[in-house]
Amino acid sequence: MSTACVVVIGVLMALPVSGCRAGLERRDPDSGALGGDSAMPAESMVEALVGVSMGELRRRVDVARIQVAIECVEQRGFVLPESAVDALETLPSPPPIFGGNVDAIVRSRLGEPAGSVAVLSSDEDAAIQQCLVSTGTSFADPFGELDDWLDRAMEDLNARVAADQRFVRAAEAERSCIRDLGYPTGDSAQVANALMSDANRLIDEFQSNAISRSAMEQQLGGLVAQENALAPKVGACLKIRLDVEREISREVQQSAIDRNGAALEEIVKEVRVRLHDLGLDTPNTTN
């Protein structure tokens, strides 16, 4: 093993985390962020059987998995600064329905190069990859079978949504709402693309010495302010359709539970066992 070095945060963030699939995500009705709203039927069933919300279960698994990876890397002689540990242990906040496009362009084009924190030798890189593999094995996703069941239950969701007249009406209402904001196509992508195009143009002008850094930064700040002002308005437009999609999703999921809820209950019981095996007991884990 070569001398200790700092590990690039992005390497560890390659760990698979417990994502939201098949209608288990929530969306805040006010901010539009994933993570609010009333529970979907399967979420309610899981919480009743396990005693903890699905979101909290996934959070606990993610935190535990990241901690194991950090310990593994440190045992191999690498030094993780406190800021890196804090960044790894801070799970991302639910994203808003709309926003952050200008910031994403600025970060991707003007941010620090991805490899600027440390250059790893082949031996060090191999050690990190071994940590990632071993952590993924010891903390395999306990929700895989549950997510697979939900995927099967919701496999025709897109077709059912598209054919539902409630969705057809909501999609047109969304387009009308976007057009009222001054974007004639009625497509929210036009709003994001316009902002990102302006951001790219300003960065191009700076990099070609056509404008100064201060001029670029001032104008980019104006774009961010413009996007922040637009975000709640565009979010309200998108929510017209998203609320209907969620309503239909809830109906489809509840129908699947009504037909085959016993199978889902058995899968949730197995999830409880796997959580217990990982040392992540919940109120009902050992019942």
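Reader: Let's start with Cys-177: is Cys-177 buried, exposed or partly exposed?
Author: Buried means under 20% relative accessible area, exposed over 50%, and partly exposed in between (1.4 Å probe, protein chains only). Cys-177 has a relative accessible area of 22%, so Cys-177 is partly exposed. Keep in mind that this is a predicted model, where local features need pLDDT of at least 70, side-chain atom pairs count only at pLDDT 80 or more, and totals for chains, interfaces and linings use all residues. Residues are numbered from 1 along each chain as its sequence is written, and side-chain values use heavy atoms, with hydrogens and water left out.

Reader: Which cysteine is joined to Cys-177?
Author: The general idea: a disulfide is a covalent bond between the sulfur atoms of two cysteines. Here the cut-off is a pair of cysteine sulfur atoms within 2.5 Å. Cys-177 is joined to Cys-237, with 2.0 Å from S to S. The torsion about their S-S bond is about -70°, so this disulfide is left-handed. The pair links distant parts of the chain, 60 residues apart: Cys-177 sits in helix H9 (residues 165-180) and Cys-237 in helix H11. Helices here are DSSP runs of H or I with at least four residues, strands are runs of E with at least two, and both are numbered from the N terminus. As for Cys-237, its relative accessible area is 0%, so Cys-237 is buried.

Reader: How many disulfides does a search of the whole structure find?
Author: The search turns up 2. Cys-72 and Cys-131 form a disulfide too, with their sulfur atoms 1.9 Å apart. Their link is left-handed, with -95° about the S-S bond. Cys-72 belongs to helix H3 (residues 54-75) and Cys-131 to helix H6 (residues 122-138), so to speak distant parts of the chain, 59 residues apart. Both Cys-72 and Cys-131 are buried. Number the bonded cysteines in sequence order and the pairing reads 1-2, 3-4.

Reader: How many helices and strands does the protein chain have?
Author: You'll find 11 helices and 0 strands. Of the chain's 287 residues, 38% count as buried.

Reader: At what angle do the axes of H10 and H11 cross?
Author: Axes are lines fitted to C-alpha atoms, for helices over the stretch in contact, and angles run from 0 to 180 degrees between N-to-C directions. The axes of H10 (residues 188-207) and H11 (residues 213-277) come within 10 Å and cross at roughly 175°. That makes H10 roughly antiparallel to H11. For the wording, under 35 degrees is roughly parallel, over 145 roughly antiparallel, 65 to 115 roughly perpendicular, and the rest oblique.

Reader: Which residues meet there?
Author: Contact means heavy atoms within 4.5 Å. Among them, Val-191, Leu-195 and Phe-206 are on the H10 side, and Met-216, Leu-220 and Leu-223 are on the H11 side.

Reader: And where does Asn-209 lie?
Author: Asn-209 lies in the loop between H10 and H11. Most residues other than glycine have a negative phi. Asn-209 has a positive phi of about 65°, although it is not a glycine. At 70% relative accessibility, Asn-209 counts as exposed.

Reader: Is Arg-241 buried or exposed?
Author: Arg-241 counts as buried, at 19% relative accessibility. Arg-241 is found in helix H11. Leaving aside its neighbours within four places in sequence, Arg-241 is in contact with Phe-167, Ala-170 and Glu-174.
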